[in-house]
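Dear colleague,

Please find below the structure that I am handing over to you. My notes on what was found in it follow directly after.

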Amino acid sequence: MMASLRSELRKLLTVRSTYVILGVTFLLVFFFAFYAEGIRASASSVANHDLLMQGSEQAVISVGLLGALVGVLLVTHEYRYNTIMYTLTTSNSRTKALLAKLLMVTGFSIVFSLIVGALAPALTLAGLHVKGIVLIGQHFSVASVLWKVIFVGWGYAMFAFIFAMIVRIQVGAVSTLFLVPAMVEPLVGLILKKDAVYLPFNALQSVVQANPDLLPISSARAVGIVLVYLAIGLLVSWQLFLRRDAN
Amino acid sequence: MIKVEHLGKKYRKKIAVDNLTFEVKTGKVTGFLGPNGAGKSTTMRLMLGLDIGLGNTTYDGKHLHEYARPSKVVGILLEAKAFHPTRTARNHLEVLAEAGDIPLRRVDEVLGIVGLTDVANKRPGKFSLGMSQRLGIAAAILGNPKYLLLDEPANGLDPEGIAWLRQFIKDYADQNNGVFVSSHLLSEMSQMADNVVVIGKGRLITETSIKGLISGSSHSSVFVRASNSSQLEKLFKSNKWKYQKENGGLRVTDLRTDEIGKAAFASGLTILELTVSSASLEEAFLELTADSEEYRAQTEVRK
């Protein structure tokens, strides 16, 4: 198992796409946190006691999909370039191979979320400092931000992982990852109305902040909904991985 | 020994592999022949558990998944370009080495063996087919496995590369390893393989030695010419041997020179010529698979 994990880590670190995605992510965080929320901060922002905490959580929601993209590529590259045959023949169990990928995506998403979650408020403070703006006293519950940021980042990565394992085709998996939260859920939401909070990505976002258009639910309940979706999705992915031809 | 038993695979209504049973022995190179679409690649994938199907494949009595480190048991080359194009050749092999729990120093060794040391840090996306095959061979031998499964490993190699590959495969098998190799280059196969497994339309046609395959072909024959051709013909008729007249002599397909020589001597005939003409592997292969070709050009193959 450790051998598979080391191999997955090396896969992650030795492809250009990982660094391109990280670069784009940090550029976006820099733009929104340092420039939009820092240098160009509005008066209402400066007077917001939760600015830094919300900035941290909002950053992970905004770029979480990009981090999840790395997880998609870790899976779909294997099918696109047929290296899956090596992955499956060097491991003596398909379940172990899948678990190694799952753990690597989990590890990456946690590190990614922590970095983004820490970087966003730090950059906002830096932007405000550059502009000489003094921020009002802040409420910042480290424990609350920490678990929410990690859970949302991990949640995105897991949904991405499930799409990748089921679809397997790179373009299809990436499209699904972006289309489901951006198009499918809003369309289904037209029918479900306030109950659309029970849709997977709406529930995931509700962990951090309640959507006023949807049924108000607690963060804990939102976590529960997301976990149910993930459990079903991972179970389906696992079974398909065991039963399907390698590619 | 690799023991393949009753392998089967069906894609919707099409049977790709049908109850295939054969063996791959250690110390030998076993060639895997069949026309396009015969099911060779599918068979190899079934042997490795990459495709889900019927039957059993054991490596020295155990299934591949029963080994703690399968890359020590079998090395594979199923596709030349099975690598990420922007991950360097060295990194590609290091990924595989990590997965197989193989020391990373082995990566440099195999790069040296296949002659890719100079391009180890280059991205393989722009490698030629031949270089890609070499990288694939490096990946296959990384774990120094007991068995190699190679699907068309000579594709894209230049003549020097083919000669190197042939010698490499023979040497690998000589170290009490088993090599199972498919190829369309029949002349190469005849120089390289000890045994052959021939399939057509997913079914086993024959499992034999190269010599057995060639000698069993109707294209293998004996030509005999004697001082008295009419007496020679009488001799053949009296023995009920089937023959064809040719250039003042007779040609037979199912007799050995010993039998003809002894009979001629007993009859007091002076033999002027007694020659064996062996079929080529290509002729033997075409004859065996004539009814199993999935895709056939409209123009006849010139024999």
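This is a predicted model: local features need pLDDT of at least 70, side-chain atom pairs count only at pLDDT 80 or more; totals for chains, interfaces and linings use all residues.

Two strands are taken to pair if DSSP finds at least two bridges between them.

E8(B) has two pairings to report. With strand E3 (residues 29–33) of chain B, the pairing is parallel and runs over 4 bridges; here Phe32(B) stands opposite Val197(B). With strand E9 (residues 203–209) of chain B, the arrangement is antiparallel and involves 6 bridges, and Ile199(B) stands opposite Leu204(B). E8(B) and E9(B) form a hairpin with 2 residues between them, and Lys201(B) in the turn has a positive phi of about 50°.

Chain B as a whole contains 10 helices and 13 strands. Its C-alpha atoms fill a box of roughly 75 × 45 × 40 Å along the principal axes. Of its 303 residues, 42% are buried. Among contacts in chain B with a separation of 6 or more, 71% are between residues 24 or more positions apart. The chain is divided into domain 1 (2–215) and domain 2 (221–277), and the centres of these two domains of chain B, taken over C-alpha atoms, are separated by 45 Å.

Turning to the nonpolar cores, the largest has 134 residues, and those with the most contacts inside it are Val72(A), Ala160(A), Phe161(A), Leu93(B) and Ala138(B). Helix H7 (residues 142–167) of chain A supplies the largest share of this core, with 15 residues. Apart from this core lies another, of 8 residues, including Val224(B), Ala226(B), Leu250(B) and Leu269(B). Leaving aside residues up to four places away in sequence, Ala160(A) touches Ala68(A), Leu69(A), Gly71(A), Val72(A) and Leu177(A).

The contact between the chains draws 25 residues from chain A and 28 residues from chain B. On the side of chain A that touches chain B, the elements giving two or more residues are helix H1 (2–13) and helix H5 (84–90) of chain A. That side divides into 7 nonpolar, 12 polar and 6 charged residues.

Some individual residues also deserve a note. Most residues other than glycine have a negative phi. Asn82(A), which is not a glycine, has a positive phi of about 60°. Asn82(A) is placed in the loop between helix H4 (51–80) and H5 of chain A, and it is partly exposed, with 17 other C-beta atoms within 10 Å. For Asn176(B), phi is likewise positive, near 60°. This residue is in the loop between helix H5 (159–174) and strand E7 (178–182) of chain B. Asn176(B) is exposed, because 10 other C-beta atoms lie within 10 Å and the cut-off for an exposed residue is 12 or fewer.

Finally, Leu28(A) is found in helix H2 (residues 16–39) of chain A and is partly exposed, with 15 other C-beta atoms within 10 Å. Leu28(A) and Ala59(A) are 31 residues apart in sequence, and their C-alpha atoms are 9.1 Å apart in space.

With kind regards

Note on methods: Residues are numbered from 1 along each chain as its sequence is written. Chains are lettered from A and ligands numbered from 1 in the order in which they are written. A nonpolar core is a set of buried Ala, Val, Leu, Ile, Met, Phe, Trp, Tyr and Cys residues joined through C-beta atoms within 7 Å. A residue is buried if 20 or more other C-beta atoms lie within 10 Å of its own, exposed if 12 or fewer, and partly exposed in between; C-beta atoms are placed from the backbone. Two residues are in contact if their C-beta atoms, placed from the backbone, lie within 7 Å. Ala, Val, Leu, Ile, Met, Phe, Trp, Tyr, Cys and Pro count as nonpolar, Asp, Glu, Lys and Arg as charged, and the others, Gly among them, as polar. Domain bounds come from an automatic or database domain assignment.
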